Amino acid sequence: MAERPEDLNLPNAVITRIIKEALPDGVNISKEARSAISRAASVFVLYATSCANNFAMKGKRKTLNAGDVLSAMEEMEFQRFVAPLKESLEVYRREQKGKKEARKDKDKKADSEEQDKSREEDNDDDDERMEEEEPNDEEEVDN
Amino acid sequence: MATARLSGTENRLVSLPLSRIRVIMKSSPEVSSINQDALFLTAKATELFVQYLATYSYKHGRGKEKNALTYTDLSHTAEECETFQFLADILPKKILASKYLKMLEKEKRDGEVREDDDEGEEEEDEDEAVGDSVGS
């Protein structure tokens, strides 16, 4: 097969955990099944992104937003995801807001230069922050 | 369901790493930028998808008879359930190697019959015939 960058795969351990928590206790999951689900998940992301992007383009926007993703879910016949996603989004937004405010307080004491620097800095920083689930405010995460 | 797993996924809002999800999303050429909320939602949706695919396949598959989730359960889902049909290409049904080889052979024969209109030199029969006539 042609070269497949590993970056397009999702971490096996996390995928396995999600599967195990969804299925009844004690059910065995073959290695093949696990790997297949992982691949399916990657394909899902691509499909969802493409779909969401269509909505963004329809709205003449270059940035994918939450609404686009939700519309994509409906389009892909995963309406069942919409309600739980909206709920999670609210929690996420509150979390981010809380973190942002906590950071603001912290920054007030620290150098103000640092704050400006982190805004202008390139997106390598953004990636790192995302992994730690730190807020990116409402900023567009573009590359 | 009864067992409380201290894996941590139940407590976290999302377990799939956003950075990795972002890499996959960005591999799409048409995509320019992704808002943070959209990134989060995609990650969360993917988790829901994994759960759904696993439980659906388990429920409707035959692996259940052995208390397992097998590849066949998954490819069956991709083929039978419309919602999961976009996965049909990456979750093909498995066939026996012998069957596959036969299919290849048949395709090859069909190809030769179409291409070799005039020439017959490569056919086995001809060779044998030549061999016989030389012998006698």
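**Figure 1. Buried area between chain A and chain B in the predicted model.** Together, chain A and chain B bury about 6300 Å². Carbon and sulfur atoms account for 66% of that area. The contact draws on 73 residues of chain A and 63 residues of chain B.

**Figure 2. Polar contacts and salt bridges across the interface of chain A and chain B.** Between the two chains, 16 residue pairs are in polar contact, with both residues at pLDDT 80 or more. Two salt bridges are found across this interface. One of them joins B:Lys94 to A:Glu32, with 3.2 Å between the closest N and O atoms.

**Figure 3. The side of chain A that touches chain B, by element.** Two or more residues each are given to this side by the helices α1 (12-22), α2 (31-58), α3 (66-75), α4 (82-109) and α6 (124-131) of chain A, and likewise by the strands β1 (28-29), β2 (63-64) and β3 (140-142) of that chain. The largest share, 16 residues, belongs to α2(A). By residue class, the side of chain A that touches chain B comprises 37 nonpolar, 22 charged and 14 polar residues.

**Figure 4. Strand pairing between chain A and chain B.** Strand β1(A) pairs with strand β2 of chain B, residues 68-69, in the parallel sense. Two bridges link these strands. Within this pairing, A:Asn28 stands opposite B:Ala68, a residue of β2(B).

Figure 5. Over residues 15-76, chain B is 65% helix and 8% strand, with 27 Å between the end C-alpha atoms.

Terms used
Residues are numbered from 1 along each chain as its sequence is written. Chains are lettered from A and ligands numbered from 1 in the order in which they are written. This is a predicted model: local features need pLDDT of at least 70, side-chain atom pairs count only at pLDDT 80 or more; totals for chains, interfaces and linings use all residues. Side-chain values use heavy atoms; hydrogens and water are left out. Contact means heavy atoms within 4.5 Å. Buried area is the accessible area (1.4 Å probe) that two parts lose on being put together, summed over both. A salt bridge is a side-chain nitrogen of Lys or Arg within 4 Å of a carboxyl oxygen of Asp or Glu. A polar contact is a pair of N or O atoms within 3.5 Å; within protein, one must be able to donate a hydrogen and the other to accept it, and residues adjacent in sequence count only if both atoms are side-chain atoms. Helices (H or I, at least four residues) and strands (E, at least two) are DSSP runs, numbered from the N terminus. Ala, Val, Leu, Ile, Met, Phe, Trp, Tyr, Cys and Pro count as nonpolar, Asp, Glu, Lys and Arg as charged, and the others, Gly among them, as polar. Two strands pair if DSSP finds at least two bridges between them.
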